[in-house]
Amino acid sequence: MKNIRTIIKKEWAEVFKRRVVVLIMLLVPLLFTLIPLVMLGVMSNTGVGGDVSPEMLAQSGSMPGDMETVCVGLSGNDCMQVMMVIQFLLMFMMMPLLLPITIAAYSIVGEKTTRSLEPLLATPITTLELLVGKCLAAVIPAVGATWASFALFNIGLILVKVSPGVRAYILGPTWLLGILVLGPILAIIAVNFALYVSSRVSDPRMAEQVSGVLIFPFMGVILAQLAGVITINIKFMLLSIVVCALIAVGMFYLGTIIFDRENILTKWK
Amino acid sequence: MIKTQDLRKIFKIGKKQKETLVAVDGLNLEISEGEVFGFLGPNGAGKTTTVRMLTSLIRPSSGSAEIYGLKVGVDDTEIRRNVGILTESPGLYERLSAEQNLRIFAELYDIPDPEKAINKYLSMLDLWDRRMDAAGTYSKGMRQKLAVARAMLHEPKVLFLDEPTTGLDPEAAKTVRDFIDELKHQGRTIFMCTHNLDEAERHCDRVGIFKQRLLALDKPSALREQLFGRKVVFHLANTTPEMCAAVQALPDVKALEQIENKLLVSLDEPEKMNPVITRILVDKGADILFIGEIKQSLERVYLEMIRSEESSQTKKINQSVERNRA
Ligand SMILES: Nc1ncnc2c1ncn2[C@@H]1O[C@H](COP(=O)(O)OP(=O)(O)O)[C@@H](O)[C@H]1O
Ligand SMILES: [Mg+2]
């Protein structure tokens, strides 16, 4: 445990000295929080949806999938806002996917280019401790930033006077599970993926960009949701958690193979 | 105490990892406690690979090695806890200060009083004044010194130094060399890779000349004599053919070469023969200006060995080419 703490401390001391990393860690959460707040604020204060009932929305065909079930008990305007909020919350879920990639890419590629892994591997630390330390060093700030943004978002919703129905939906079980449980799992997947990519390239920006392909499956979910193929409800969220947890375990296992002493010293170029 | 038996490392190389490269081909070595051992070889000889195996960083393909009774491949964590290694490149955290760099390692090695150890080595290696500066702002020499400090923090009894002075300016090289002397006096066992022969000669009790295999292993002075014998020069004011003939007639004189007024005499035991030769020369009417031993530099020994190894390899290759032709 002590070794893991040392690694995390070291990673943070190193990686947060890079301006790129700090900028990304600040700007991305800020943008992902402010933009939806502004849009929702405008919507709820101008009453875009008017007094259309959710049933009418459904009949007009502007409601994807089983949105009616999600909109039960909401006014037309609230239902419209919820539909929009879902897009924003999905964007929120991208944060734990994107942020750790940046940290991991810079920490691993940085360590590769300065050849500092060899002296590190010559200490009594186990490779598992090193791997866990590196993972956590990227996952903790990413998840922290996501949670902080989510909290800020919810406070902001009160300030821009979004209706209580919409706020209740956001703080409902589906998205709490999403932010609190699925978020960290996604972060673990992302960091292991970044680790794999970083072991093969020698430029942190390249590692970052290549690891960025992770958002494609994610985009797929957003599009499928828009097209009404899937509906984001608690069932979907639970299923995602199970599937992603399995993927995360698999990736972590793969990580332990890639992150073998000899491998790092002889195959990482 | 370091002991290796038939230690071998074969790398899989090529696109499909199908070709093999023998980096270390059966190394047998025994290094005793407190010995400073020089591991001499050209680039690509397999020195770093050997050090990595002995410090449990990579696994041997076959053979065995032990350090203080700890077996490589079995007691790896214990080995890492007990040896120090100066890696080929310093590998510092460039954005962190010298102090921060050392603190990380002090924690990982679980040192009881980290502050004390850190301060001790920072001042010993002249880094105290710049301890708060990022390592990235250091000169090459300072980086190397910081890396040396890092290797020493946990006071290892066995120390592996992989080319400790390569690429350093003379002043930094001197600090590092003086520090190695100091470590030697403290009785630490040191395994030092180098292709700097003066360095090997200065520090090492024994040197191994190595290129995939151990080509020779002995004290530096013994290696020199083994290859070239000992040579004494008699610088005379005048020479005559009779003088040369008389010296050459002595049974212990293995060879004699004359360059102007200098006689170069190859001998096994100059201490015994010099007085005899001197007397003969004086009898023949010579005025002796100087007598001295010619020391072949270890450099020549080394180049000689590497060259003959290479030519024997070429011969082998040519033979197999011819065999293939036939
Ligand atoms: N990870 C590796 N994969 C393939 N070949 C390697 C690897 N590491 C070293 N080698 C090869 O092994 C040989 C010995 O290398 P090394 O031990 O670094 O030599 P030295 O330290 O004596 O210069 C070289 O031919 C080198 O190319
Ligand atoms: Mg080397």
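Predicted model: local features only at pLDDT ≥ 70, side-chain atom pairs only at ≥ 80, totals over all residues.
**View 1. Ligand 1 lies in a site shared between chains.** Residues from both chain A and chain B surround the ligand, so the site belongs to the two chains jointly. The shell has 13 residues, where a shell residue has a heavy atom within 4 Å of the ligand. Gly44(B), Gly46(B), Lys47(B), Thr48(B) and Thr49(B) come nearest. By class, six residues are nonpolar, six polar and one charged; Gly counts as polar, and Asp, Glu, Lys and Arg as charged.

**View 2. Polar contacts of ligand 1 (pairs of N or O atoms within 3.5 Å).** A polar side-chain atom of Thr48(B) is 2.6 Å from an oxygen atom of the ligand. Gly46(B) places a polar backbone atom 2.9 Å from a ligand oxygen atom. From chain A, a backbone N or O atom of Thr266(A) lies 3.3 Å from a nitrogen atom of ligand 1. The protein buries 74% of the 560 Å² that the ligand exposes when taken alone (Shrake-Rupley method, 1.4 Å probe).

**View 3. Elements of chain B around ligand 1.** Those giving two or more residues to the shell are β1 (2-13), β2 (19-31) and α1 (47-54) of chain B. The largest share, three residues, comes from α1(B). Helices (H or I, at least four residues) and strands (E, at least two) are DSSP runs, numbered from the N terminus.

**Notes.** Residues are numbered from 1 along each chain as its sequence is written, and chains are lettered from A and ligands numbered from 1 in written order. Local features need pLDDT of at least 70, side-chain atom pairs count only at pLDDT 80 or more, and totals for chains, interfaces and linings use all residues, while side-chain values use heavy atoms, without hydrogens and water.

Notes:
Polar contact = N/O pair within 3.5 Å; in protein donor to acceptor, adjacent residues only side chain to side chain.
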